[in-house]
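I opened a new model today and kept notes as I went. Here is what I looked up, entry by entry.

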Amino acid sequence: PPTVVDSFSCAYWPKETEGYISPLLHGRMFVTAQCMYFVGWGGKKIILKWDQVLGVKKDQTLNGLVDNAIRLVCKEEDEEEGEEGHASSYFFGSFLFRDQAHQIISKIVTLAHALDEVTGDSPKKLDSHMRNSMEIITKPVILTVVPPDSALKKMIILVDKKIFGISIQQFYETIWSEGERTDAAPFYEPWLKSQGNYDTSVGKWDYASTSRSDDLFKNEWCGEQYSQKRTITYEFKRTTHLYIGPPTAAVTQNHYCTIEGNDKCVLAMSLSFGGIPYADTFRVEIRWVVRRSGEKDLTVEVGCFVNMIKSNLFSKQVKSGTIQESKPVHEHLFMAVKKACYQLKGSDDSGVDEDILDNTSQNESRMDDRNTPMTEPTSANKPIFLGLALSYIQETLNVGHQTATFVLACIILISAYVVFSLFFRHGVPDPVTNSDETCQMDIQNIAENLNKLNSDMDKIREQLHQVISLIEAKGQQQHQMLPDGQICAEKD
């Protein structure tokens with residue numbers, strides 16, 4: 001079989017007269033030294049010899065709105081007389097790497113025509129042209145260094161690894177395209193399901209119609225604009241022993257993607273959660289940056305930033321817990337990414353990095369809930385009766401989490417005061433003294449202490465009722481002040 005110089009995912013438009021909005025045929029273009037082979041879905045094949053191509057032009061689809069197409073103008077032979085006939089064109093669009101494809105095809109066509117002239121009737125006439133064409137093809141490409149990603153500087157780095165022998169185009173098509181406009185198999189949705197998630201939905205990519213800033217998709221956190229966007233949702237089971245809220249948690253991921261030629265591919269994930277304590281107070285920003293390193297090697301960096309959109313008492317715990325839980329998730333995702341890339345090139349070099357294996361062995365006990373964005377309390381570090389007490393106070397008084405926590409703290413302090421008053425403040429009888437007089441005095445002291453304790457308890461009970469009444473009155477006032485239709489999610 002012929003040696004493939006490069007290949008590109010694209011689509012063939014069979015009807016040019018309909019403004020390139022007619023049904024198109026997705027497939028893949030294979031570039032060899034002699035011919036262009038297009039293999040479309042359903043077995044459609046187009047073969048063009050380079051010496052028959054008269055011109056290679058950049059073009060647009062959707063009536064000039066999307067600049068992602070190439071037109072090949074070819075000469076046709078008269079089948080009856082064996083002579084050259086009219087010229088025809090073949091239109092290919094939906095290129096992800098249109099400029100790279102145009103550059104390679106143009107160079108090969110130029111070389112093919114030069115060689116054809118050399119082997120024809122007047123080889124000397126275009127000898128210099130041939131040498132110039134050969135120089136264009138064989139001239140070494142000077143590769144520039146791709147600078148580090150600026151947004152990663154304010155993030156915690158979760159992964160910093162290398163993948164060898166893979167281009168940016170191959171990486172995107174294999175990992176993030178999910179088979180759209182490519183012939184690659186879906187990757188991300190099967191991986192999510194393999195991690196125990198369910199009700200998984202991976203939305204289709206939305207593509208910007210033009211490269212103008214008004215048509216691009218903006219990520220509010222970093223302010224960057226991207227050419228693609230999609231939404232992914234799924235649910236996972238919560239394994240915490242403190243069941244405040246439903247036993248499952250929902251995750252929504254907004255993906256933003258942009259590709260900078262063959263130098264860089266960025267996928268930004270903005271994650272929000274449901275069914276987790278304080279889920280409405282933060283968002284998790286994940287950033288996958290893949291940069292070209294050398295000619296066909298990649299540097300993969302993954303960063304994490306916890307964006308606190310509301311203040312709460314446990315901001316530090318939320319941030320540290322999110323980082324702790326996100327790291328093994330994306331380490332395992334990178335392992336799957338690396339395996340898929342090496343399977344693409346037919347290499348066995350898909351072994352797992354030793355440092356990832358070390359982290360995996362240390363975290364085996366918590367890998368079942370590795371998708372949980374924060375470390376929730378368990379029975380080992382927070383008694384379950386506290387959670388039950390908080391839930392009971394919230395439901396009984398119809399108050400928010402912070403108010404319920406305050407009431408519970410008051411109850412604990414009152415209980416501690418009662419215990420101290422009963423056993424320590426007034427003293428206890430001396431067991432050594434056995435005289436009748438002393439015993440009678442001790443009995444009288446205990447009776448007096450009990451009377452004082454009952455009096456103190458009545459006062460404390462009255463004060464606690466006053467506090468609860470004030471809280472309920474405040475909640476009713478806030479509820480009455482709310483406009484119609486507005487829902488108050490937290491009554492603190």
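**Ser94.** I began with Ser94, which is buried at a relative accessible area of 6%. Buried means under 20% relative accessible area, exposed over 50%, and partly exposed in between, with a 1.4 Å probe and protein chains only. Ser94 sits in the loop between β7 (84-93) and α1 (98-118). Helices (H or I, at least four residues) and strands (E, at least two) are DSSP runs, numbered from the N terminus. Ser94 is not a glycine, yet I found a positive phi of about 60° there.

**Ground rules.** I noted that this is a predicted model, where local features need pLDDT of at least 70 and side-chain atom pairs count only at pLDDT 80 or more, while totals for chains, interfaces and linings use all residues. Residues are numbered from 1 along each chain as its sequence is written, and side-chain values use heavy atoms, with hydrogens and water left out.

**Glu178.** I then turned to Glu178, which has a positive phi of about 60° and is not a glycine. I located Glu178 in the loop between α3 (168-176) and α4 (188-194). Is Glu178 buried or exposed? Glu178 counts as buried, at 12% relative accessibility.

**Cores.** I looked up the nonpolar cores next. A nonpolar core is a set of buried Ala, Val, Leu, Ile, Met, Phe, Trp, Tyr and Cys residues joined through side-chain atoms within 4.5 Å. The largest has 48 residues, and those with the most contacts inside it include Phe171, Trp176, Ile286 and Val337. Helix α5 (residues 315-344) gives the most to this core, with 8 residues. Leaving aside neighbours within four places in sequence, Phe171 is in contact (heavy atoms within 4.5 Å) with Ile163, Ile166, Trp176, Val290, Leu298, Val337 and Cys341. A second, separate core of 24 residues includes Tyr12, Trp50, Phe95 and Ala101.

**Cavities.** How many cavities of 30 Å³ or more does the structure hold? I found 2. A cavity is a set of points, on a 1 Å grid over the protein atoms alone, where a 1.4 Å probe fits but cannot get out; lining residues have an atom within 4 Å of a point. Grid points are joined across faces, edges and corners, and a volume is the space filled by probe spheres set on the points. The second largest cavity has a volume of about 40 Å³. Its lining includes Met155, Trp221, Tyr226 and Arg287. Two or more residues each come from β15 (264-274) and β16 (282-293). β16 gives the most to this lining, with 3 residues.

**Pro148.** I found Pro148 in the loop between α2 (127-138) and β8 (156-164). Pro148 counts as exposed, at 60% relative accessibility. Pro148 and Val289 are 141 residues apart in sequence, but 9.1 Å apart in space, C-alpha to C-alpha.

**Cysteines.** I searched the whole structure for disulfides, meaning pairs of cysteine sulfur atoms within 2.5 Å. The search gave 0. Cys257 is in no disulfide, and the nearest cysteine sulfur, that of Cys265, is 4.2 Å away. Cys257 is buried, with a relative accessible area of 0%. Cys265 also counts as buried, at 0% relative accessibility.

Methods:
1 Å grid on protein atoms, 1.4 Å probe; cavity = no way out; pocket = protein on both sides within 12 Å on 5 of 7 lines; lining within 4 Å.
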